[in-house]
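Biologist: Could you take me closely through the aromatic pairs in this structure and the residues around them? I would like the cut-offs stated as you go.

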Amino acid sequence: MQQHIYYIRYALHFADMQIPELVAVFNSLVQSRGWSSMRAYHDQALIDEFQRRGIDTTAVTGRNTISFAHPVRFDLPNNKLAVIN
């Protein structure tokens with residue numbers, strides 16, 4: 001399936017970021033309740049970039065969901081996102 005142009009734009013933008021920058025983008029969305037198709041492309045591209053780098057995102061992702069309920073930090077030794085309570 002061909003990716004939507006907005007997803008591609010976000011994916012290219014995130015590909016140029018360092019991991020701390022990606023974490024900051026994620027954390028800026030915590031508790032944000034707004035939703036649109038643009039937000040969906042953005043969020044999916046962000047999670048896909050973490051996963052493309054081999055980072056475990058299971059703390060914030062489920063079968064077909066992404067949770068922005070809590071901020072995260074990058075757990076370098078375990079190469080995963082960890083929820084900050």
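**The aromatic pairs**

Modeller: Two aromatic pairs turn up when the whole structure is searched, a pair being rings of Phe, Tyr or Trp (its six-membered ring) with centres within 6.5 Å, called stacked if the planes are under 30 degrees apart, edge-to-face if over 60 and tilted for the rest. One of them joins Tyr10 and Phe14, and because the ring centres are 6.4 Å apart with the planes at 15 degrees, this pair is stacked. The model is a predicted one, in which local features need pLDDT of at least 70 and side-chain atom pairs count only at pLDDT 80 or more, while totals for chains, interfaces and linings use all residues. Residues are numbered from 1 along each chain as its sequence is written, and side-chain values use heavy atoms, leaving out hydrogens and water.

Both Tyr10 and Phe14 belong to helix H1 (residues 5-15), where they are four residues apart, about one turn of the helix; helices here are DSSP runs of H or I with at least four residues, numbered from the N terminus. Tyr10 is partly exposed at 23% relative accessibility, whereas Phe14 is buried at 1%, where buried means under 20% relative accessible area, exposed over 50% and partly exposed in between, with a 1.4 Å probe and protein chains only.

His42 itself counts as buried, at 15% relative accessibility.

Key: Helices (H or I, at least four residues) and strands (E, at least two) are DSSP runs, numbered from the N terminus.
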